Amino acid sequence: LHDPLWSYDGTDWQAKNVGGFSPSVSYARTMAFDTNRRMAVLLGARASAAGLGNPFNESVWEWDGTAWLERPQSGQQPRLTGSGDSLCYDTFRQECVLFGDEPGTVDGYQTTDLYPAPDFLRCIWRWNGKQWQADPPTPTVGVPFEFFHSMCFDSARNALVLFGGEGSTAQFDVTNYTYEIIYQDSPVVLK
């Protein structure tokens, strides 16, 4: 994103933040809009300086409509190196939700040490603008870890909806399946 960010007003395109401080995008990147905080959230951009990103030098950047802001990360942290993750905004929890081929660190332990394969890649990562929180691997039957999928949040049913994507084996190489990860009444518990 060393090139300017562009916005569209329905008629014309306009360059934003020309020449300003901006993220350097790496191979893995995804973006969503946090409607509660009115911020565009970009994942998978390189940290601008040592110590600002996670242990893999990946940062969370947010666009406030005027400038890019690099956010310090705390709490449980995904690696942010997965190339096919999806990020969407969850209106029920009012957080951005990341799902895909994304291991990370939970309470000082690697997810690869906490959960058997492929479950360590099936965590749901939530970003509230200040820190990450990891939900355990999704208990929804039939939802494999995915990458290169599309994802959105259905606020009428409090559900993450995943479509398409690929898994790691021929068994999970899907292109036209739809999965739902549905919340119970409490925003903390998944069905």
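Which residue in β10 is the bridge partner of P78? In β10, P78 has G104 as its bridge partner.

## About the model

This is a predicted model, in which local features need pLDDT of at least 70, side-chain atom pairs count only at pLDDT 80 or more, and totals for chains, interfaces and linings use all residues. Residues are numbered from 1 along each chain as its sequence is written, and side-chain values use heavy atoms, with hydrogens and water left out.

P78 and G104 belong to a bridge between strands. Helices (H or I, at least four residues) and strands (E, at least two) are DSSP runs, numbered from the N terminus. Two strands pair if DSSP finds at least two bridges between them. β7 meets that rule with strand β10 (residues 104-106): two bridges join them in the antiparallel sense.

Both strands sit in an open sheet of three strands. Its order is β7-β10-β11, and the pairing is antiparallel. β7 (77-78) and β11 (109-110) are the edge strands, each pairing on one side only.

Y109 lies in strand β11. Y109 is exposed, at 52% relative accessible area. The scale is this: buried means under 20% relative accessible area, exposed over 50%, and partly exposed in between (1.4 Å probe, protein chains only). Leaving aside neighbours within four places in sequence, Y109 is in contact (heavy atoms within 4.5 Å) with G104 and L114. Y109 and Q76 are 33 residues apart in sequence, and their C-alpha atoms are 9.3 Å apart in space.

Strand β1 (residues 5-8) and strand β2 (residues 13-16) run antiparallel, joined by four bridges. L5 has K16 as its bridge partner in β2. The hairpin has four residues between the strands, and G10 takes a positive phi near 100° there.

Most residues other than glycine have a negative phi. R38 has a positive one, near 55°. R38 sits in the loop between β3 (24-34) and β4 (39-46), and it is exposed at 60% relative accessibility. N158 also has a positive phi, near 50°. Its place is the loop between β14 (150-154) and β15 (159-163).

## Aromatic pairs

A pair of aromatic rings is described by the distance of the centres and the angle of the planes. Rings of Phe, Tyr and Trp (its six-membered ring) pair if their centres lie within 6.5 Å; planes under 30 degrees apart count as stacked, over 60 as edge-to-face and the rest as tilted. The structure holds three such pairs. One of them is Y8 with W13: the centres are 4.9 Å apart and the planes stand at 40°, so the pair is tilted. Y8 is partly exposed at 46%. W13 is exposed at 57%.

W63 and W68 form another pair, with centres 5.5 Å apart and planes at 55°, so this pair is tilted. W63 is buried at 9% relative accessibility. W68 is buried at 4%.

## Nonpolar cores

A nonpolar core is a set of buried Ala, Val, Leu, Ile, Met, Phe, Trp, Tyr and Cys residues joined through side-chain atoms within 4.5 Å. The largest has 15 residues, and L43 and W132 have the most contacts inside it. At least two residues of this core come from each of β4, β8 (86-90), β9 (95-99), β12 (124-127) and β13 (132-135). Another core lies apart from it, with eight residues that include C88, M151, L160 and L162.

## A salt-bridge network

Side chains of opposite charge can pair when their charged atoms come close. A salt bridge is a side-chain nitrogen of Lys or Arg within 4 Å of a carboxyl oxygen of Asp or Glu. The count by this rule is five. In one of these, D34 pairs with R37, the closest N and O atoms being 2.8 Å apart. D34 is buried, at 1% relative accessible area. R37 is partly exposed, at 25%.

R37 also forms a salt bridge with E62, at 2.3 Å from N to O. R37 lies in the loop between β3 and β4, and E62 in strand β5 (residues 58-63), so the pair ties together parts that are 25 residues apart in sequence. E62 is buried, at 0% relative accessibility. R71 and E62 meet in a salt bridge as well, at 2.6 Å from N to O. Through shared partners, salt bridges join D34, R37, E62 and R71 into one network.
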